[in-house]
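This report describes one protein model, part by part. Please keep the sequence and the structure in view while reading.

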Amino acid sequence: FAAEIEERIDLDAMFRLMIIETFLMSSDGMGRNGRNYNLYHLRDEDHPNRWQLFNYDFDMTLDFDIDTRAPFMGESYLNIFSFYQRDPDDEKYNPLVNRVLAIPEHNATYVRLYQEFLGTVFATNSPKQPTALHADRVQFVLPWVDKDGLWQLSNGMDTDSFRSYGAYTGELLTQRYINVTQQLQAAVREQAQAPAQA
């Protein structure tokens, strides 16, 4: 497996998929239940058997209870490493990511790419800064939420509730950034100590 995986899967693309899924705690994606991802055959002359994975459908993300602040799917969803571990009696499961992360070199690459992602996207001057973008979009949509009675009926949420959830989601993105940053710092420390222990 370790010798051939890079010839079969574009690991860089797979790690980027994993980063998005774990950061957003996407409970309906490739890593958790093997759904909502596509495979694309690269037809690369250097790697004729290599495939690229990419994800879609992010409707089941950031699933937190607004009152208890607990993830609906359990505490393991907070951890960017245990996120992919199989739950007991879970028939829908994709073992690929666990097998890749068990290889120290690939685990280190996952951590490095995750750090780059956070450093780029959450930089204060980033045009993609999630918390700022989210706040802007909530304000942009609010006038239509006020006027759209049908939306309020179908979603069971009035304007005040929408505003509360908007503020909560912005706060959640910030807390998720802090939480994941701490996990990555701990992983880097463990990786630095690994050679000394071997």
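## Overall layout

A helix here is a DSSP run of H or I with at least four residues, and helices are numbered from the N terminus. By that rule, Glu21 lies in helix 2. The model is predicted.

The protein chain holds 8 helices and 2 strands. Starting at the N terminus, these elements follow the order α-α-α-β-β-α-α-α-α-α. The chain has 198 residues, and 37% of them count as buried. Contacts between residues at least 6 apart in sequence were also examined: 66% of them join residues at least 24 apart.

Helix 2 covers residues 11-24. Helix 2 is mostly covered, since 10 of its 14 residues are buried. The buried residues are Leu11, Ala13, Met14, Phe15, Leu17, Met18, Ile19, Glu21, Thr22 and Phe23.

Is Glu21 buried or exposed? Glu21 counts as buried because its relative accessibility is 1%, and the cut-off for buried is under 20%. Leaving aside residues up to four places away in sequence, Glu21 touches Ser26, Gly29, Met30, Gly31, Asn55, Phe83 and Tyr84.

Met25 is found in the loop between helix 2 and helix 3 (30-33). Most residues other than glycine have a negative phi. Met25 has a positive phi, near 50°, and is not a glycine. Met25 is also buried, with a relative accessible area of 3%.

Helix 5 runs over residues 104-121. Its 18 residues should span 26 Å at 1.5 Å a residue, which agrees with the 26 Å between its end C-alpha atoms. Buried residues in helix 5 include His106, Asn107, Thr109, Val111, Leu113 and Val121. Tyr110, Tyr114, Phe117 and Leu118 of helix 5 are buried too.

How many aromatic pairs does a search of the whole structure find? The search finds 8 aromatic pairs. One of them joins Phe23 and Phe117, with 5.9 Å centre to centre and 75° between the planes, an edge-to-face arrangement. This pair links distant parts of the chain: Phe23 is in helix 2 and Phe117 is in helix 5, 94 residues apart. Phe23 and Phe117 are both buried. The rings of Tyr114 and Phe117 are also edge-to-face, because their planes stand at 70° with the centres 6.2 Å apart, and planes over 60 degrees apart count as edge-to-face.

Tyr114 and Phe117 both lie in helix 5, 3 residues apart, which is about one turn of the helix. An α-helix has 3.6 residues a turn, so residues three or four places apart point the same way. Tyr114 is buried at a relative accessible area of 0%, while Phe117 is buried at 18%. Ring pairs join Tyr114 and Phe117 with Phe15, Phe23, Phe81, Tyr110, Phe122 and Tyr177 in a cluster.

A further ring contact involves a charge. The charged end of Arg99 sits over the ring of Phe1, 4.0 Å from the ring centre.

## The nonpolar cores

The largest nonpolar core has 35 residues. Those touching the most other members are Met14, Met18, Phe23, Tyr110, Tyr114 and Leu118. Helix 2, helix 4 (96-101), helix 5 and helix 8 (159-197) are the elements that give two or more residues to this core.

What does Tyr110 touch, not counting residues up to four places away in sequence? Its contacts are Phe15, Met18, Ile19, Thr22, Ile80, Phe81, Tyr84 and Leu101. A second, separate core has 5 residues, among them Val138, Leu142, Met157 and Phe162.

## Helix 6

Helix 6 comprises residues 130-147, and its 18 residues should span 26 Å at 1.5 Å a residue; the end C-alpha atoms are 26 Å apart, which agrees. Helix 6 has a kink of about 40° at Val141, shortly before the proline Pro143.

In helix 6, Pro130, Val138, Leu142 and Val145 are buried. Of these, Val138 and Leu142 are included in the second core.

How values were computed:
Residues are numbered from 1 along each chain as its sequence is written. This is a predicted model: local features need pLDDT of at least 70, side-chain atom pairs count only at pLDDT 80 or more; totals for chains, interfaces and linings use all residues. Side-chain values use heavy atoms; hydrogens and water are left out. Rings of Phe, Tyr and Trp (its six-membered ring) pair if their centres lie within 6.5 Å; planes under 30 degrees apart count as stacked, over 60 as edge-to-face and the rest as tilted. Buried means under 20% relative accessible area, exposed over 50%, partly exposed in between (1.4 Å probe, protein chains only). A charge sits over a ring if NZ of Lys or CZ of Arg is within 6 Å of the ring centre and within 35 degrees of the ring normal. The expected span of a helix is 1.5 Å times one less than its number of residues. The bend at a residue is the angle between axes fitted to the seven residues ending there and the seven starting there. A nonpolar core is a set of buried Ala, Val, Leu, Ile, Met, Phe, Trp, Tyr and Cys residues joined through side-chain atoms within 4.5 Å. Contact means heavy atoms within 4.5 Å.
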